[in-house]
Amino acid sequence: MKTKVLMAILAVVIAGLIAVPWIASYFYVFIFTEILILGLFAASFNLIFGYTGMLSFGHAAFFGIGAYATALVLIHLEWPFLACLLVSMGASALLALMIGFLSVRLNEVYFAMLTLAFGMMVFAIAYQWRSVTNGSDGLAGFTLGSFGLGLDLTLANPSVYYHVVLGIVAIAAIVLYVICRSSFGMILKAIRQNPERVSFAGLNVRTYRLVAFVIAGIFAGLAGGLIAPFLRVASPELLHWSMSAEPILMAILGGTGFFLGPFIGSAAFVLLETWITTYTESWMLVLGIILALMVIFFRKGLLGTAIDWWMEVKK
Amino acid sequence: MKKMSIRNLLVAMTATATLGTAGTSYAEDPIRIGGLYILSGSAATYGEFAQRGINLAVDEINDSGGILGRQVEMIYEDTQGKASVAIQAARKLVYSESADALVGLDSSGVAQGMVPTMPELQKPLIITHAATPDVTGKLCNAFTYRISVNVAQNMKAAAMVAAETDATKTDATNWTTIGPDYAFGHQSWEFFGNYLKEINPDVNLMSETNFPRFGAEDFTPFIDRVMDSDAEGVLISVWGGDLVNFIRQANNRGFFEEDLEVMFTVGAATEVLTALGEEMPEGVHLSTRYWYEAYDNDTNDRFVKAYLDAYGNPPSYNAEGAYAAIYAYKQAMEAAGTTDGPAVAKALSGMSMEAPNGTVTFRAGDNQAMVSPNWGVSGPMHPEHGIRTLTNLQIFDGEEVARTIEATGCKL
């Protein structure tokens, strides 16, 4: 019964998301586009963090390279949008394979530090390779061409772009969800809880961690491919370690134990930022206080706490 | 900053109150102009000075009946000097705060990112500071105008100044640069080098250039490198709070005692001169897009006096550009008879207006204002204003130093 109600709530939320351009003020089309893209970024991160228990501080490398790949393809080759996204995913997969291969052998803080170091190396390359990446200014001034598949969509129209993002993020989320619920996803959970036991069961923990790392990288790259046409610029900030912190904050804010937690976290993060910066420029201070309270009192995040409360109270 | 927050709060409250009427405008509603400036970090004084200029213009206009009989109201957003932040902020201003027009942009990097999105917003933008030639060049569009001097204009003037210095008159001279590591620093050096080579093919543009990160704090490695090199002339395009730090560190290193021809491309910004006072050395070449004592006309006299009365220090080029941009909108909106975005943008094309720096025309082919770069040599302290004066002041003809429309690459 309760699951049915939760499913009904989910259906209403999805219907609401589809209707955003018609029911909300135009500005919120941009806000929700950002929420969806960053939500996918955070959900991809949660596959390695919440499910596999690996705290990476370099996840922005894959997000950023996805953004640069799409921007470069749009500038130099003017391929259809879907092809750009495939290039983004391919580029981030390769990068994740390289960084992952060298990082997943280490645990805990060593893994975190190594991913941070690799992330900042990618940042430094984008910052300094002026002839290709345009240095600190980033790549801008590209125009959006066709969507691909023969569909006639005006991507430059923010409402159209929002629906495109909604569709792609929904498909990506379903694929991620299926991965999480598969036997592969179960093994990842087992690795988080007790890697020694998984290892004694005859499974190669390192391979599983690497595959999870690459999958997370691919979806982060897809999110990056979506953010570049939205922001109209691919800049080194997208690769900076502070960008790597955002999915961590979003996952914790929303709840790492639930698949949709990072999306809720992304929504809370972006909406709070928008509203609070209207009143004060020190929004990071407010965010810090909220996060501290979350971690101390609501370890399961917004979504986890809400579901727990609902399950408890409404018996 | 505290004043800013209260202002933001008021703006937010009015924004919430008018949310229901977004998109429609009534005669009694104020005309809303969105301002996009750097309001935090090491260049925040530029945003602050721009706001001073704008507030002066808005108060003057509102006291004399407003625009088209409507009051003018400003809404500001902080670009943080980042393109992605500025693009989001512009969307917020237009779609959420119903801004009728936009002014601003301090950074070339921000301008390069934001300008291509202007046709989507369907609102005019007057750039008051960012100087990259591209936005009135290969990235130009019908909604983007610039009222301030661009890098191409200023570097042509700089090359003319450099060619007249003793350093360049003696044969093969070595020139190098220190500039911020983004579009502005790199393009300043590129345009300066090209123009200087045209005038004097014998000069040697050194391959050893110096591009510290924008906001770098520590410039001593770069200062030392230039002092250790064979450079005889150095073009410095560091600006804002960075320039203040740079000059203090250069003083400590004895940089200005070297036998070097030093040219600061935005050194006569009064933000910088006010912050430095006597620490700004004498005898270096300083440029600005507008020097407050360079123009003898009624508009300038009125502007400088009002600015000094209100804020106690002389106006900077950034304040002047921002001030003039508001008057440009007044004239364009009154000529168009509406605040409709495309109509106002069209009215700006080819429009001439009286600004503190003389008669300013937005050239129809690339929407760049034909304004005059000012170069001078730092002199004794001003007895009242607490800043260095400019001696040997040269006011270059805006049209003469501008690129031809063909050379800009702009197709409108």
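In this predicted model, strands 8 and 9 of chain B run parallel. Strand 8 covers residues 233-236, and strand 9 covers residues 261-264. Four bridges join them. One of the bridged pairs links I236(B) to F264(B) in strand 9 of chain B.

Strands of a sheet pair through backbone hydrogen bonds, either parallel or antiparallel.

Strand 11 (residues 352-355) of chain B pairs with strand 12 (residues 358-361) of chain B in the antiparallel sense, over four bridges. The two strands form a hairpin, with two residues between them. Within this pairing, M353(B) has V360(B) of strand 12 as its bridge partner.

Now turn to the contact between the chains. Chain A supplies 20 residues and chain B supplies 28 residues. On the chain A side, helix 2 (26-51) and helix 12 (261-279) are the elements that give two or more residues. Helix 2 of chain A provides the largest share, three residues. What is the make-up by class of the side of chain A that touches chain B? That side has eight nonpolar, eight polar and four charged residues.

Note on methods. Residues numbered from 1 in each chain as written. Chains lettered and ligands numbered in written order. Predicted model: local features only at pLDDT ≥ 70, side-chain atom pairs only at ≥ 80, totals over all residues. Pairing = 2+ DSSP bridges. Contact = placed C-beta atoms within 7 Å. Nonpolar A, V, L, I, M, F, W, Y, C, P; charged D, E, K, R; others polar.
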